[in-house]
Amino acid sequence: MRFLTGGESHGRGLVTIVEGLPAGLELPRDLLESELARRRRGWGRGPRMAIERDRLEVWSGLRDGVTTGAPLSICLENTEWESWRGALDPHKVDPEKAEDRRIDCPRPGHSDMVGGIKYGHSDMRNVLERSSARSTAALTLAGTVARALLDRLGVTVRGAVTSIGGVAIEDPLSEEEWTRAETSDLGCPREVDEKVLISRISKAKEEGDSLGGTFLVSLWGMPVGVGSYVEWDRRLDGRLAGAVMSIPAIKGVEIGGGFNLAALPGSLVHDEIAVEDGEIVRLSNRAGGLEGGMTNGQDVLVRAAMKPIPTMRKPLRSVDLARGENTMAHFERSDSCAVPAACVVGEAMVAWVAASALTERFGGDVMADLERRVSELRLETGRDRRE
Ligand code: EPS
């Protein structure tokens, strides 16, 4: 499976094309819409989230709510396109409107300056428009399609925010906590932590500052042996880390115990194997469900760190590149914290990698065949946890 996205933050809209999907997968419109709505969540999102409706239109690959095996194309209209059209029209811009939207002062930490150098744009609007995190709505669509496929195979992907602006909260432990994280506006597993996070974000917002944080994504029910140790680009941990790291503003990814494992002796790290009631079990899950780049039947755990958003009302020092003078960075409305949204995008990317790897492992033309093969393997390995 592969997907491509197109579209600019304030352009006509976004496009996601998913290719290689099995035929026969039900893809309810509600699921696509509810994941897009979940990505708009969060305390500290900018005013645009109240405006943006994420109206989606499926252009191909779906008939009567079921995939046909043809490329699935989904378009997401930008609500405010008409008010930006003069400045961004693909065929002819209005020079005055384009000048009003011109960006000369790059934001440190954003793609503005390097993107301008790379593509030869003196107006960094051309960079901002594509590098904006608006593009994560298109990633979420691809990930939601993957989520539907995983669901059919009894694999569940979930996410929870685990810190914001240095305020750490405990990982979800129970089923209820995971469910709460999924539905909470802050991606928070426990209500008591929400108040602390809200006041931390509100303070940053008042100060014109921005905040990052961390989130955890889990995959429950992956069959054993997805991914492979035999070559670098087949290792599932590498693929997961690459996909999550590709989300804008992500600066670190850990699998299982991650960085903490480097400080411990092997005896406290590796997950011991035992037999209980005739079944092979593990006594812990510090490996985060992956050994040798393959799923080992335990929950896959991926944690990511997001840096604070570079667009700040209290901007950092920068240079006006048109005049060559010291000044402050460009500011336009933005989010002060997007960690809960990034968590939904993280779930999407993890779902995407898992679904792609499953179709590679089990064959991906027809959904019913894929489902049967996964079931057969689960029965063989005694791991049909759906029973
Ligand atoms: C973003 C800036 C804001 C965010 C946007 C990402 O948009 P605007 O400049 O139009 O107010 O709202 O995120 C989204 C639009 C979205 O759907 O997540 C940025 O500069 O990255």
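## Ile-51 and helix α2

Once neighbours within four places in sequence are set aside, Ile-51 is in contact with Thr-79, Glu-80 and Arg-333, where contact means heavy atoms within 4.5 Å. Ile-51 belongs to helix α2 (residues 48-51). Helices (H or I, at least four residues) and strands (E, at least two) are DSSP runs, numbered from the N terminus. With a relative accessible area of 34%, Ile-51 counts as partly exposed; under this scheme buried means under 20% relative accessible area, exposed over 50%, and partly exposed in between (1.4 Å probe, protein chains only). The C-alpha atoms of Ile-51 and Asn-78 lie 9.9 Å apart, and the two residues are 27 apart in sequence.

## Basis of the model

The structure is a predicted model, in which local features need pLDDT of at least 70 and side-chain atom pairs count only at pLDDT 80 or more, while totals for chains, interfaces and linings use all residues. Residues are numbered from 1 along each chain as its sequence is written, and side-chain values use heavy atoms, with hydrogens and water left out.

## Overall architecture

The protein has twelve helices and 17 strands. Its radius of gyration is 22 Å, close to the 21 Å that the globule rule gives for 387 residues, so the protein is as compact as a globular protein of that length. The radius is taken over C-alpha atoms, and the globule rule is 2.2 Å times the number of residues to the power 0.38. Along the principal axes, the C-alpha atoms fill a box of roughly 75 × 50 × 40 Å. Of the contacts between residues at least 6 apart in sequence, 70% join residues at least 24 apart.

## Surface and charge

Buried residues account for 49% of the 387 residues. The accessible surface comes to about 18600 Å², and 53% of it belongs to carbon and sulfur atoms. These areas come from the Shrake-Rupley method with a 1.4 Å probe; for residues, only the protein chains shown count as cover.

The protein carries 51 positive and 60 negative charges, whose mean positions are 4 Å apart. Lys and Arg count as positive and Asp and Glu as negative, whereas His and the chain ends are not counted. Each charge is placed at NZ of Lys, CZ of Arg, CG of Asp or CD of Glu.

## The largest nonpolar core

In soluble globular proteins, nonpolar side chains tend to be buried together. Here the largest nonpolar core has 75 residues, of which Leu-150, Ile-164, Leu-219 and Met-222 touch the most other members. Helix α11 (residues 339-362) supplies the largest share of this core, 14 residues. Such a core is a set of buried Ala, Val, Leu, Ile, Met, Phe, Trp, Tyr and Cys residues joined through side-chain atoms within 4.5 Å.

Leu-219 lies in strand β9 (residues 213-220) and counts as buried at 1% relative accessibility. Beyond its neighbours within four places in sequence, Leu-219 is in contact with Leu-150, Val-155, Thr-156, Val-157, Asp-299, Val-300, Val-350 and Ala-354.

Helix α3 (residues 81-88) has Trp-81, Trp-84, Gly-86 and Ala-87 as its buried residues. These buried residues pack against α4 (95-100) and α6 (125-131).

Strand β10 (residues 250-255) contains Ile-255. Leaving aside neighbours within four places in sequence, Ile-255 is in contact with Asp-237, Ala-287, Gly-288, Leu-290, Leu-301 and Val-302. Ile-255 and Ala-37 are 218 residues apart along the chain, and their C-alpha atoms are separated by 27 Å.

Asp-64 is not a glycine, yet its phi is positive, at about 55 degrees. Asp-64 sits in the loop between β4 (62-63) and β5 (66-67) and, at 77% relative accessibility, counts as exposed. Ala-249 also has a positive phi, near 80 degrees, in a residue other than glycine. Ala-249 is found in the loop between α10 (236-245) and β10.

Thr-179 is located in helix α8 (residues 175-183). Its relative accessible area of 40% makes Thr-179 partly exposed. Thr-179 and Arg-53 are 126 residues apart in sequence and 24 Å apart in space, C-alpha to C-alpha.
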